[in-house]
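Please look over the sequence and the model shown below. A short report on selected parts of the structure follows.

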Amino acid sequence: MIKIPLVKFYKRKYGKELLIDVNDIHYIKKGILQHPVHRYNFYCLVLITDGREEITINDNKHMVQPGMLITSIPGDIWSWQQDTQLNGYVLIWEEEFLLSFFNDQLFLQKFSYLQSDRQSPFLHLERELYNRVCHLLSEMVSEIHDREKIDRHVLRAMLYETLMLLNRAENIGNKSLSINDVSASHYVDSLVKLVNADYATQHGTKYYADKLCITPNYLNKIVRRSLGTTTKSYIRNKILLEAKRLLTYTTLSVTEITDRLHFESTSYFVRWFHKYVGCTPVQYRGQKYK
């Protein structure tokens, strides 16, 4: 079996950590030339502004052209023409960029075009919608490259508006997956929903494997293949995301957060948090959030 390269988010491309980026397709052409088939471990939207050629997401193949937008969730397999002549915008972000701000941890599930069981990853934008989305993406580029004034809240608001607008787009094409892919996709999708519901009280892989009636080893295998990480890491990142959100946007004490996230003791939670974030919860809370 050929190993498909996993492209990870470059969080410090602009110096300080930034979990969103917008580029043109030209910026990623070098990577496509080396690995035309690859996966991402982040969300990605590609708006085509020029060119016409075939792109495949998972097993869904379509001839894309200006006015079309391609949606991708973590784990999707992209297959580009190696010498692609397409032009357009590439918007990428990590889940934490949105979910650390919104109280609703199921926020991204509101968008059907960002689900593993979506009808198709290809959307068609009518001219007015296309122009609005182009304008928003252009504004994001300007905001990101203004190093002195860059505001994450402004970027988050523009991303939110973009996602809401894309609810108006027309979904085109039919999803076509093999039986094995459908089965794996079903398990991963179910895991995501279970973790979203139970991560605060259930931290172990075995709990979720038992819920899905599969072995922990098989669950790890399909999660790694689809999301580029282990089940344990996926659960941990969800807990970290919620811990960061509570520290940033509430006045709950560290002990109260420990209880809410069902850690055995405050001291253990502090050590655990420091291990994966690099600072204590109190230090994290004291940092200026931009």
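## Strands, sheets and a pocket

Strand β4 (residues 43–50) is joined to β9 by 7 bridges, and the two run antiparallel. Across this pairing, Tyr43 stands opposite Trp93 in β9. Helix α4 (residues 152–166) packs on the sheet and touches β2, β4, β7 (68–72), β9 and β10 (122–124). The direction of α4 makes about 115° with that of β9.

Some ground rules come next. This is a predicted model, in which local features need pLDDT of at least 70 and side-chain atom pairs count only at pLDDT 80 or more, while totals for chains, interfaces and linings use all residues. Residues are numbered from 1 along each chain as its sequence is written, and side-chain values use heavy atoms, with hydrogens and water left out.

The terms are these. Helices (H or I, at least four residues) and strands (E, at least two) are DSSP runs, numbered from the N terminus. Two strands pair if DSSP finds at least two bridges between them. Contact means heavy atoms within 4.5 Å. Axes are lines fitted to C-alpha atoms, for helices over the stretch in contact, and angles run from 0 to 180 degrees between N-to-C directions.

### The six-stranded sheet

The order in this open sheet of 6 strands is β2-β9-β4-β7-β10-β11, with antiparallel pairing. β2 (20–24) and β11 (170–172) stand at the edges. Each has a single partner strand, so one side of each is left without a neighbour in the sheet. From one strand to the next, the twist averages 25°.

β2 pairs with β9 in the antiparallel sense over 5 bridges. Asp21 has Ile92 in β9 as its bridge partner. How enclosed is β2 by the rest of the structure? It is largely enclosed, because 4 of its 5 residues are buried. Buried means under 20% relative accessible area, exposed over 50%, and partly exposed in between (1.4 Å probe, protein chains only).

Val90 lies in strand β9 (residues 87–93). Val90 is buried, with a relative accessible area of 6%. Leaving aside neighbours within four places in sequence, Val90 is in contact with Asp21, Val22, Asn23, Asp24, Ile25, Ile28, Cys44, Leu45 and Val46. Leu45 is 45 residues from Val90 in sequence, yet the two are 5.9 Å apart in space, C-alpha to C-alpha.

### The five-stranded sheet

Another open sheet has 5 strands in the order β1-β3-β8-β5-β6, with mixed pairing. β1 (6–7) and β6 (60–64) stand at its edges. Each has a single partner strand, so one side of each lacks a neighbour in the sheet. β1 and β3 pair in the parallel sense over 2 bridges. Leu6 stands opposite Arg39 in β3.

### The second largest pocket

On a 1 Å grid over the protein atoms alone, a pocket is an open set of points where a 1.4 Å probe fits, with protein on both sides within 12 Å along at least five of seven lines; lining residues have an atom within 4 Å of a point. Grid points are joined across faces, edges and corners, and a volume is the space filled by probe spheres set on the points.

The second largest pocket has a volume of about 470 Å³. Its lining has 22 residues, and Val7, Tyr27, Ile28, Tyr40 and Phe42 lie nearest its centre. β2, α1 (25–34), β3 (37–40) and β9 each supply at least two residues of the lining. The largest share, 5 residues, comes from α1. By class, the lining has 14 nonpolar, 4 polar and 4 charged residues.

### Residues elsewhere

Which residues does Asp189 contact, leaving aside its neighbours within four places in sequence? They are Ser116 and Asp117. Asp189 lies in helix α5 (residues 179–198).

Cys213 has phi near 60°, a positive value in a residue other than glycine. Its place is the loop between α6 (205–212) and α7 (216–227). His262 also has a positive phi, about 60°, although it is not a glycine. His262 lies in the loop between α9 (254–260) and α10 (266–277).

The table gives accessibility.

| Residue | Relative accessibility | Class |
|---|---|---|
| Asp189 | 15% | buried |
| Cys213 | 70% | exposed |
| His262 | 47% | partly exposed |

Methods. Nonpolar A, V, L, I, M, F, W, Y, C, P; charged D, E, K, R; others polar.
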